[in-house]
Amino acid sequence: MSDNTRPPRGDLSPSSAKQFAECPQRFWFRKRARLKPGTDPSDADDKRPYQFAGIHCHRVLELAAIQAANDRAASGELRAPFTARELLDISEELPINNVDESELADARGVLSSIAPVDLSRAVAAEMQAIWHPYGEGNEPSVAMVMDRIDVDPRSGLVEVTDYKYGMARDRSELASDPQTLYYLAAVHEAWPRSEEVRRWRITYHYLAPNVKVTIDWTPLLDRLARQHVKTIWRQVLGDEFPAHIGRHCGYCPYQNRCEEWTAHVDALAKAETLPGAKLAKGNWGDLAWLLETREGLKATQKQCEGAVKRIDGVIKKRMDRGRPIKAGGFKAQMRLSKRADFDVAALPVLARESGLGIDEVVLEVGSLGAQKVKAFAERHNCREALSPFETRKAVKWLEVKRAGV
Ligand code: SF4
């Protein structure tokens, strides 16, 4: 197993392909011109807690997988699943510098909540892979680092697991994500069909809510993966890197280099700063205007959200161990809410109880948000069958009010 986390080099990666789809110019800045992103001093502060917990959990699970594989090689036996205590022992042995106690506690809380973790079939962790959609030696190549690979000769399953630290995404959305397509194509190529290999799968393990979403390899997904690469590469070879203004601009680190973005912001600042003013002057019969205006407003909205997030990060750091603070007539404090959610395993139950196909359920429900799932269950009279799949998650958030309100 590799203990080297340096990513392999390829012409594309799942994240760069995704960035290309959003905005080819951003891809050009990063991959072709190799320009350094613009820096903002508050960025590092905002990202640190999230990044630390995610990186720490990844590292612990990587070391646990290596340990499981070594144990199996030494004894010939499958190792028992890792308990919370065993995962925490690994965590405690890792060097930790400059990290707030609460950040470490968050990461360790997540590790405890996902135990027991079965790693008995792990054969690789942090595996560096290069996929050649058109055969070795032909451009483009796609580089990726897979968090974990399990191979089970009894069931013939090769499974790549990707750990995530954010909110779980819908299965239907994940099925068309370049990461899903490329990872499945790569494991299918690396472990071709044999007596011991008959199925290939990707599992996204969302650690914080401890939700798993699995997608199996199919010939259709394999074709889509190659088609996806082909479409991007044709544009790359044709030197086509247009700027696509959209909501993703709010997170783009190349805003300060992007002329289109500067022109977009200037135009808004000149005459149409207020969305109301823009809408009042707009041509509501012109579909192109409606679409362009919508995307432009979304981009600005995202930029504002990004700015608020940065400010929140700095305010949180000014709170002594989360204690409320007051300044300029405002009071800021951390709040805790419980949010209901549903495990993706609820989908087959909804399908069975409603008599619909899973795809129809996904279309009707739209997401696994509590309100939509509950409304669906009420409509189809299957609320009771659903309760075992309801999960509750504690969410911390910053509340800012005028003092005394
Ligand atoms: S600011 Fe927007 S349009 Fe400009 S490069 Fe970034 S993502 Fe593309």
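Biologist: Where is the place of D239?
Modeller: This is a predicted model. In it, D239 sits in the loop between α8 (219-237) and α9.

Biologist: And what is its phi?
Modeller: Phi of D239 is positive, about 55°, although D239 is not a glycine. Most residues other than glycine have a negative phi.

Biologist: Why does D239 count as exposed?
Modeller: Because D239 has 9 C-beta neighbours inside 10 Å, and 12 or fewer counts as exposed.

Biologist: What about R34, what's phi there?
Modeller: Near 50°, again a positive value in a residue other than glycine. R34 lies in the loop between α2 and α3 (41-75). R34 is exposed, with 8 C-beta neighbours inside 10 Å.

Biologist: Switching to prolines. Is the peptide bond from A115 to P116 cis or trans?
Modeller: That bond is cis, with omega near 0°. P116 is in the loop between α5 (101-114) and β1 (122-131). The bond from E139 to P140 is cis too, with omega near -10°. P140 falls in the loop between β1 and β2 (142-152).

Biologist: Now the ligand. Which residues are closest?
Modeller: C23, C249, C252, C258 and W261, out of 14 residues that surround the ligand. Two elements give two or more residues to this shell: α2 (24-32) and α9 (259-271).

Biologist: How does the shell split by class?
Modeller: Eight nonpolar, four polar and two charged residues. Domain 1 (14-236) and domain 2 (247-316) each supply at least three residues of the shell.

Biologist: On to packing. Which residues touch the most other members in the largest nonpolar core?
Modeller: Y182 and L184, in a core of 61 residues. That core also takes at least three residues from each of domain 1 (14-236) and domain 2 (247-316).

Biologist: What does L184 touch?
Modeller: W200, I202, W217, L221 and A225, leaving out residues up to four places away in sequence.

Biologist: Is α7 mostly covered or mostly open?
Modeller: Mostly covered, with 10 of its 13 residues buried. Y182 and L184 are among the buried ones. Helix α7 (residues 178-190) reaches 18 Å from first C-alpha to last, close to the 18 Å expected.

Biologist: Last one. Where is H380 found?
Modeller: In the loop between α14 (370-379) and α15 (383-386). H380 touches E353 and S354, not counting residues up to four places away in sequence. Its C-alpha is 8.5 Å from that of L350, 30 residues apart along the chain.

Biologist: Why is H380 partly exposed?
Modeller: Because H380 has 18 other C-beta atoms within 10 Å, and buried needs 20 or more.

Note on methods: Residues are numbered from 1 along each chain as its sequence is written. This is a predicted model: local features need pLDDT of at least 70, side-chain atom pairs count only at pLDDT 80 or more; totals for chains, interfaces and linings use all residues. A nonpolar core is a set of buried Ala, Val, Leu, Ile, Met, Phe, Trp, Tyr and Cys residues joined through C-beta atoms within 7 Å. Domain bounds come from an automatic or database domain assignment. Two residues are in contact if their C-beta atoms, placed from the backbone, lie within 7 Å. A residue is near a molecule or strand if its C-beta atom, placed from the backbone, lies within 6 Å of it. Helices (H or I, at least four residues) and strands (E, at least two) are DSSP runs, numbered from the N terminus. Ala, Val, Leu, Ile, Met, Phe, Trp, Tyr, Cys and Pro count as nonpolar, Asp, Glu, Lys and Arg as charged, and the others, Gly among them, as polar. The expected span of a helix is 1.5 Å times one less than its number of residues.
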